[in-house]
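I opened this entry to work out how the chain is laid out and how its parts pack. My notes follow in the order I looked things up.

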Amino acid sequence: MTGKKKIGIVGGMGPMATVYLFQKIVENTESPDDQGHIRIFIDNCPQIPDRTRAISRGDHTPAQMILSCAKGLAGQGADMILMPCNTAHYFYEEVQKDLSVELVNMIDETARSLAEQKVHTAGLLATTGTVNANLYQKYCEKRGIGILLPDKEEQDAVMDFIYSGVKASNWTYDVKALRRAAEHLLERGASTLILGCTEIPVGFHMFGLDLPGVDTLEVLARAAVVKAGYRLNGSCLS
């Protein structure tokens, strides 16, 4: 195991996204047996305050609880920390500066992946907190990638999909409004969608939404596998 690194996941933002990230790491790791997989520590802490409310309304910041979880994982032996919540990256610098190990930046990794795929314009499906904080705009525009945003009504539909559909585990949720919002971004010129809230790729799988999109959790999982010193599973079709 020389040179291999262990991963820590600050989970609970939300719980289903945490499970999905763990699954993606396992699927994307090349290993002939159980013993060849990555050691992963998970702190599933759904009590972390809501990130969008913290940004939009000035509610209690989640940064200190995220940092506490991350330090606990590092104390258990994690060599890097993953945070499966796009909106939480608003607090990235605040957390990373007091952390002794790398906090892998999912938004930066996604922007890099888009650039490698030669995407010039992408449509963003994300929380209002992520949109208003210009998180993807900042990282993508540095790489020459334009970002298209939903209009107000469409953004409301995205938020409802995230909270009333996926976070609520509502398997009977009507996805028509979300689908219209996504299709409108593609009609306006986006070549792909950024699934920029970790509940959105989960929701795409839950409801069988077949639209072109970059799964930010998949990007994070693959980046983590490589950073941990493991080979990517070339047979993974996810």
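**Domains.** I started with the domain division of this predicted model. The assignment gives domain 1 as 7–105 + 218–228 and domain 2 as 107–216. I looked up the distance between the two centres, taken over C-alpha atoms: 20 Å. Then I checked the contact between the domains. On the domain 1 side 25 residues take part, and on the domain 2 side 30 residues.

I traced an open sheet of 4 strands, with the order 2-1-3-4 and parallel pairing. Which strands stand at the edges? I noted strand 2 (40–44) and strand 4 (102–103). Each has a single partner strand, so one side of each has no neighbour in the sheet. I then followed the pairing of strand 3 (residues 80–82) with strand 4, which is parallel and runs over 2 bridges.

Helix 1 does, and it touches strand 1 (7–11), strand 2 and strand 3. I read about 170 degrees between the direction of helix 1 and that of strand 2. Helix 11 packs on the sheet as well, touching strand 1, strand 3 and strand 4. Its direction makes about 170 degrees with that of strand 3.

**A cis peptide.** I stopped at the peptide bond from methionine 13 to glycine 14. The bond is cis, and I noted omega near -5 degrees. Where does glycine 14 sit? I placed glycine 14 in the loop between strand 1 and helix 1.

**Helix 1 against helix 11.** I took helix 1 as residues 15–27 and helix 11 as residues 216–227. Their axes come within 9 Å and cross at roughly 45 degrees. That angle makes helix 1 oblique to helix 11. I logged the crossing as right-handed. From helix 1, I listed Ala17, Tyr20, Leu21, Lys24 and Ile25 in the contact. From helix 11, I listed Leu217, Glu218, Leu220, Ala221 and Val225. Sorted by class, the residues of this contact are 8 nonpolar, no polar and 2 charged.

**Helix 5 against helix 11.** I moved on to helix 5 (residues 106–116). Helix 5 packs with helix 11 at an angle of about 95 degrees, and the axes are 9 Å apart. That makes helix 5 roughly perpendicular to helix 11. I found Met106, Glu109, Thr110 and Ser113 on the helix 5 side. They meet Thr216, Leu217, Val219, Leu220, Ala223 and Lys227 of helix 11. I counted the classes for this contact: 5 nonpolar, 3 polar and 2 charged.

I also noted lysine 118, in the loop between helix 5 and strand 5 (121–125). Its phi is near 60 degrees, a positive value in a residue other than glycine.

I traced another open sheet of 4 strands, in the order 6-5-7-8 with parallel pairing. Strand 6 (146–148) and strand 8 (213–215) are at the edges. Each has a single partner strand, so one side of each is left without a neighbour in the sheet. I noted an average twist of 35 degrees from one strand to the next. Strand 5 pairs with strand 7 (residues 192–195) in the parallel sense, over 4 bridges. Here I found alanine 122 opposite threonine 192 of strand 7.

**Helix 10.** What does helix 10 (residues 199–207) lie across? I found strand 5, strand 7 and strand 8, with helix 10 running at about 115 degrees to strand 7.

I then looked up its packing with helix 1. The axes of helix 1 and helix 10 are 9 Å apart, at an angle of about 80 degrees. That makes helix 1 roughly perpendicular to helix 10. Met16, Ala17 and Tyr20 of helix 1 meet Glu199, Pro201, Val202, His205 and Met206 of helix 10. I sorted this contact into 6 nonpolar, 1 polar and 1 charged residues.

I went back over the helix 1 contacts. Ala17 and Tyr20 are in the contact with helix 11, and Ala17 and Tyr20 are also among the residues that meet helix 10.

Terms used. Residues are numbered from 1 along each chain as its sequence is written. This is a predicted model: local features need pLDDT of at least 70, side-chain atom pairs count only at pLDDT 80 or more; totals for chains, interfaces and linings use all residues. Side-chain values use heavy atoms; hydrogens and water are left out. Axes are lines fitted to C-alpha atoms, for helices over the stretch in contact, and angles run from 0 to 180 degrees between N-to-C directions. Angles under 35 degrees count as roughly parallel, over 145 as roughly antiparallel, 65 to 115 as roughly perpendicular and the rest as oblique. A crossing is left-handed if the near helix is turned anticlockwise from the far one by less than a right angle, and right-handed if clockwise. Contact means heavy atoms within 4.5 Å. Ala, Val, Leu, Ile, Met, Phe, Trp, Tyr, Cys and Pro count as nonpolar, Asp, Glu, Lys and Arg as charged, and the others, Gly among them, as polar. Two strands pair if DSSP finds at least two bridges between them. Domain bounds come from an automatic or database domain assignment.
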